Amino acid sequence: LLCNNVDKLKTMSEELVRYSQINSKSETNRKKTVNMKYLLESVIDDFQTHLQAKSISLKILVRPVEISGIHEQLRNIIEQLMSNAVKYSPVGGEIRVMLRDSGTQMELEVEDEGPGIEPDERLHVFEPFFHGKTAQGDECVEGHGLGLAIVKEYVANHQGKVDIIDTRQDQKGTRIRVQIPLTEEA
């Protein structure tokens with residue numbers, strides 16, 4: 001129990017450090033061309049064990065997209081969205097991932113079949129340390145409440161936006177869309 005609590009504290013302190021360093025100047029000066037298709041596929045490969053452990057199927061629609069960005073931050077955005085989707089998905093569920101170029105911006109959507117997020121909580125889930133009613137009521141789901149706050153800041157560092165949007169017709173769960181301009185704005 002003590003070791004488990006120490007591990008949780010270590011993870012939380014690492015997330016707090018990451019969150020506090022989001023806007024450091026050295027990070028924002030390291031933007032390079034990032035192939036989002038390859039990055040997404042790499043993250044999905046890393047999640048195969050977690051997906052298999054819960055018998056979650058993955059439906060992927062991925063188109064080639066390149067943007068100017070900070071590789072580590074973009075990877076962390078995808079990892080956090082995938083982590084939440086796996087965490088909240090039921091055993092045997094499905095996660096849908098879409099990546100495309102919509103003209104002037106990249107769009108990344110991750111949709112799960114979990115309990116979803118209440119409409120009145122949608123804006124708050126991007127605040128540090130926020131835990132929604134669904135997350136509080138489920139003892140199996142643990143988190144520090146920093147993941148989506150970090151996602152929001154990383155997306156903002158790329159002049160983009162992140163939103164929770166309505167799920168597709170006849171679906172339940174959570175659907176998050178990240179939009180980042182294809183070219184860096186001055």
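Trainee: What percentage of the residues count as buried here?
Mentor: In this predicted model, 41% of the 186 residues of the protein count as buried. The accessible surface comes to about 10,500 Å², and carbon and sulfur atoms hold 49% of that.

Trainee: And how many helices and strands are there?
Mentor: The protein has 7 helices and 7 strands. From the N terminus on, they run α-α-β-α-α-β-β-α-β-β-α-α-β-β.

Trainee: Which strand order does the open sheet have?
Mentor: The order is 2-4-5-7-6, so you are looking at 5 strands with mixed pairing. Strand 2 (57-62) and strand 6 (161-165) are at the edges; each has a single partner strand, so one side of each has no neighbour in the sheet. From one strand to the next, the twist averages 15°.

Trainee: What sense do strands 4 and 5 pair in?
Mentor: Antiparallel: strand 4 (residues 94-101) and strand 5 (residues 105-111) are paired over 6 bridges. As one example of who faces whom, R96 is opposite E111 in strand 5.

Trainee: New topic: the largest nonpolar core. Which residues touch the most other members?
Mentor: Those are M36, M106, L108 and V178, in a core of 40 residues. Several elements supply at least two residues each, among them helix 3 (36-46), helix 7 (147-157) and strand 7 (175-181). Helix 5 gives the largest share, 7 residues.

Trainee: What is M36 in contact with, leaving aside neighbours within four places in sequence?
Mentor: The partners of M36 are V65, I67, L74, I78, L99 and M106.

Trainee: How about E107, is that residue buried or exposed?
Mentor: E107, which is in strand 5, is buried: its relative accessible area is 6%, and the cut-off for buried is under 20%.

Trainee: Which side chains does the E107 side chain make polar contacts with?
Mentor: One is the side chain of R100, joined to that of E107 by a polar contact of 2.7 Å. The side chain of Q179 also makes a polar contact with the E107 side chain, at 3.0 Å. Leaving aside neighbours within four places in sequence, the residues in contact with E107 also include M98, L99, S102, R177 and V178.

Trainee: And how far apart are E107 and K161?
Mentor: They are 54 residues apart in sequence, with 9.9 Å from C-alpha to C-alpha. On the wider picture, among contacts in the protein with a separation of 6 or more, 71% are between residues 24 or more positions apart.

Notes
Residues numbered from 1 in each chain as written. Predicted model: local features only at pLDDT ≥ 70, side-chain atom pairs only at ≥ 80, totals over all residues. Heavy atoms only, no water. Pairing = 2+ DSSP bridges. Helix = DSSP H or I, 4+ residues; strand = E, 2+ residues; numbered from the N terminus. Axes fitted to C-alpha atoms, helices over the stretch in contact; angles between N-to-C directions. Core = buried A, V, L, I, M, F, W, Y, C linked by side-chain atoms within 4.5 Å. Buried < 20%, exposed > 50% of the residue type's maximum accessible area, 1.4 Å probe, protein only. Contact = heavy atoms within 4.5 Å. Areas by Shrake-Rupley, 256 points an atom, 1.4 Å probe, with all protein chains shown as cover. Polar contact = N/O pair within 3.5 Å; in protein donor to acceptor, adjacent residues only side chain to side chain.
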